[in-house]
Amino acid sequence: MEIGPGSGLYLPLLAELADEVVASDIDPSFLDRAREQLAGNEKAQFVGDDITHTHLSEAGFDLILCTEVLEHIPDWRAALASMARLLRPGGALVLSTPQPRSPLELLGKVAFRPGVITLVRAIYREPILETGHISLVSAHRLDRQLLSCGLRTEHRGWTGVYLPVIAELGGQRALKLEQALEPRWQRRPLRGLLWTQYVVARR
């Protein structure tokens with residue numbers, strides 16, 4: 001199952017790997033996008049569900065993918081507890097979420113201040129919307145909560161270098177620089193600067 005599939009980017013791959021795929025979201029418009037990605041696929045099911053108060057069957061899934069969703073959920077602890085209950089024994093949760101102190105998150109808070117947002121929109125030359133990131137969780141808090149839900153972390157990683165201004169104005173050269181920096185930043189203590197943390201946890 002994928003919780004919060006968004007545009008449905010990962011669903012075709014999940015459908016290749018599994019005998020049955022469930023796309024679950026609280027927002028019907030995202031489920032419509034998921035249906036488009038898996039149109040005609042008999043393996044697929046599309047379920048409207050609030051993961052903090054799920055009505056899905058307990059211990060019904062071998063794999064749950066939840067990427068860039070947790071930060072949008074006010075009660076993120078309840079969401080993780082539900083995910084743990086939905087996994088079969090030995091099942092895996094693949095989760096990604098932004099790091100609270102990454103440059104991108106910190107600058108995002110500054111960007112929407114009066115006066116600053118006008119400059120940001122001029123740089124990007126497009127509408128700039130709030131991220132809606134209301135639940136940013138540190139690696140320590142995330143691991144502690146996963147453990148309390150009966151999930152053990154098997155793998156953890158960090159990704160996403162972002163260099164303000166350079167990223168926007170540097171084009172392909174900036175992209176190559178960021179790609180070169182990422183392996184170095186993945187080591188302590190610089191990995192806290194990377195935008196996204198990801199975890200593979202098993203029940």
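I count a salt bridge when a side-chain nitrogen of Lys or Arg lies within 4 Å of a carboxyl oxygen of Asp or Glu. I am working on a predicted model, where local features need pLDDT of at least 70, side-chain atom pairs count only at pLDDT 80 or more, and totals for chains, interfaces and linings use all residues. Residues are numbered from 1 along each chain as its sequence is written, and side-chain values use heavy atoms, with hydrogens and water left out.

**Entry 1: salt bridges**

I searched the whole structure and found five salt bridges. I looked up Arg156 and Asp143: their side chains meet at 2.8 Å, N to O. Arg156 sits in strand E6 (residues 152-159) and Asp143 in helix H6 (residues 139-148), so this pair ties together parts 13 residues apart in sequence. I take helices (H or I, at least four residues) and strands (E, at least two) as DSSP runs, numbered from the N terminus.

Next I checked burial (buried is under 20% relative accessible area, exposed over 50%, partly exposed in between; 1.4 Å probe, protein chains only). Arg156 is buried at 17%. Asp143 is partly exposed at 26%.

I then turned to Asp32 and Arg35, whose closest N and O atoms are 3.0 Å apart. They are three residues apart in helix H2, so about one helical turn separates them. Asp32 is partly exposed at 43%, and Arg35 is partly exposed at 38%.

Arg152 bridges to Glu154, with the closest N and O atoms 3.8 Å apart. Salt bridges with shared partners join Arg152, Glu154 and Arg202 into one network. Arg152 is partly exposed at 46%; Glu154 is partly exposed at 44%.

**Entry 2: Trp76**

I found Trp76 in helix H3 (residues 76-86). Trp76 is buried, at 5% relative accessible area. Leaving out residues up to four places away in sequence, Trp76 touches Leu70, Ser135, Val137, Arg141 and Gln145. Contact here means heavy atoms within 4.5 Å. I also looked up Ile134: 58 residues from Trp76 in sequence, 9.7 Å away C-alpha to C-alpha.

**Entry 3: second largest pocket**

I looked up the lining of the second largest pocket and found 25 residues, with Gly4, Asp25, Glu68, Val69 and His72 nearest the centre. Strand E1 (2-3), strand E2 (21-25) and helix H2 (28-37) each give two or more residues to this lining. A pocket is an open set of points on a 1 Å grid over the protein atoms alone, where a 1.4 Å probe fits, with protein on both sides within 12 Å along at least five of seven lines; lining residues have an atom within 4 Å of a point.
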